[in-house]
Amino acid sequence: MIRTLALSALVATLAITSVSATEDMSKWLRPSEIPQPKNNKLTPERIELGKLLYFDTRLSSSGEVSCATCHHPKRGWTDEKPTAKAVGVDGRVGPRNSPVVLNTAYQNRQFWDGRARTLEQQALGPIEADVEMNMPLDVLLPKLRKIKGYVELFEKAYPGEGITEKTLAKAIASFERTVVSTESPFDKYAKGDKYAISDKAKEGFELFAGKAGCINCHDGFNFTDGSFHNIGLHDGELQGKELGRYLVKMRAAWYGVMKTPTLRDVAKSFPYFHDGSVKTLEEATAICAGGGRFEHNVKNKSLSIVDRHLTKEEIDKVVAFMHTLTGPDMDLTIPTKFPQ
Amino acid sequence: MKKILLVAVLAVSTLFSADHVIDQKGKTFIPHEITVAVGDTLTFKNSDPFAHNAYTDDEANEFDIGMQSPGTNASVTIKAAGTFSVECAIHPNMLLEVTAK
Ligand SMILES: [Cu+2]
């Protein structure tokens, strides 16, 4: 009798541990739904139209640049050529590194400094920016209205609304919302397949969520909690160079802060950081876990960016873990023919 | 006499003004909705192992606690009636809706 009791107690504890183990991992699982605004629900017509616009170089003044130039699917949705700073029309170099478009549907602040909220608000910026596509909307919209193929596709996607700033932004945003992560080895591991990742990567995950402190900011399924930090990439006073979110509003806490980027597919999207100054994940990890690039005299550095005393082996493990966040390329046919 | 009355009123109002503790835990404000009276205080407690920074840009009740270290408390007094939201400058997903009467 006592034995059965003890045994059932044991079974009960086992059950509890395995439940809590899966519970612990659930926050890392990709959501099954893509969030959509009420006034721009996803439809196949909107997604298809947005995809054509996304890859169409006629949206730029030189006829050579599209969104994909700086956010290409083959490069984890960052610059097609691995440049530190984004390169737009006529080789013009912008001030920042191109972030990835992957999983932006789940973000409620866009850009490194969070200055736009929705993908709709974001989409028209790069078209007009002189260092990106350099195409004023009062030139682009009449141009698109003359392309019969686009007139028909806009009519199907947004019946009766025509080709306007609004429908252009909505269509591009609809395509972007479908750019979400595929199932990575880490996802299989999180779902219970113990052999999906190496022991080294498992130890790296433990460090990531523990001693290395990455989870303070790179938290949740998208490996970002959407938070803003100054991680000490620049020494001392920034002197107007990279003020980050401080440019949006001069709030003390926003001095030199940037948005925490996703780490999904991060192995594909080098170079790293808002200034593209780092080429490898090892170096990026050493900076984030080592108290920043400069340990002294960095104004407003995050309290979570401190020296975590990681050994080289431990950094390698964290990097091995980050490699398990790489999923297969999304099932996507890049358009080669565009509406005429 | 007038002075005495004023002092008495002040005493009564401090007596009745309440302090409401808002915990910052797991990158959320707990509670995330609260009804308070003008003159009450909100005490922000940081139970997370990293910094928070509660603020509001509401004109009548504007405040900015600044970078708040783990394990500390910081208080603000409600100045005017109205509804407004408090955000965290570090974690924009944190939201607290305040109704002040
Ligand atoms: Cu916070």
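Predicted model: local features only at pLDDT ≥ 70, side-chain atom pairs only at ≥ 80, totals over all residues.
How much area is buried between chain A and chain B, and what percentage of it do carbon and sulfur atoms give? I looked this up to start: about 1400 Å² is buried, and carbon and sulfur atoms give 47% of that. Buried area here is the accessible area (1.4 Å probe) that two parts lose on being put together, summed over both.

Residues are numbered from 1 along each chain as its sequence is written, chains are lettered from A and ligands numbered from 1 in the order in which they are written, and side-chain values use heavy atoms, with hydrogens and water left out.

**Where A meets B**

I checked who takes part in the contact (heavy atoms within 4.5 Å). Chain A brings 20 residues and chain B brings 16 residues.

Next I looked for salt bridges (a side-chain nitrogen of Lys or Arg within 4 Å of a carboxyl oxygen of Asp or Glu). There are seven between chain A and chain B. On chain A's side of the contact I found six nonpolar, seven polar and seven charged residues. For these classes, Ala, Val, Leu, Ile, Met, Phe, Trp, Tyr, Cys and Pro are nonpolar, Asp, Glu, Lys and Arg are charged, and the others, Gly among them, are polar.

I picked out A:R251 and B:D64, which form a salt bridge with the closest N and O atoms 3.5 Å apart. B:E87 and A:R109 form another, at 3.3 Å between the closest N and O atoms. B:E87 sits in strand β8 (residues 82-88) of chain B and A:R109 in the loop between α3 (67-70) and α4 (119-128) of chain A, so this pair joins two chains. Helices (H or I, at least four residues) and strands (E, at least two) are DSSP runs, numbered from the N terminus.

Are B:E87 and A:R109 buried or exposed? Both are buried, that is, under 20% relative accessible area, with exposed meaning over 50% and partly exposed in between (1.4 Å probe, protein chains only).

**Inside chain A**

I then turned to A:K191 and A:E183, a salt bridge with 2.5 Å between the closest N and O atoms. A:K191 is exposed at 54%, while A:E183 is partly exposed at 27%. A:R30, A:E183, A:D187, A:K191 and A:R264 are linked in a salt-bridge network.

My last pair was A:E203 and A:K317, a salt bridge at 2.7 Å, N to O. A:E203 lies in helix α9 (residues 199-209) and A:K317 in helix α11 (residues 312-323), so the pair ties together parts 114 residues apart in sequence.
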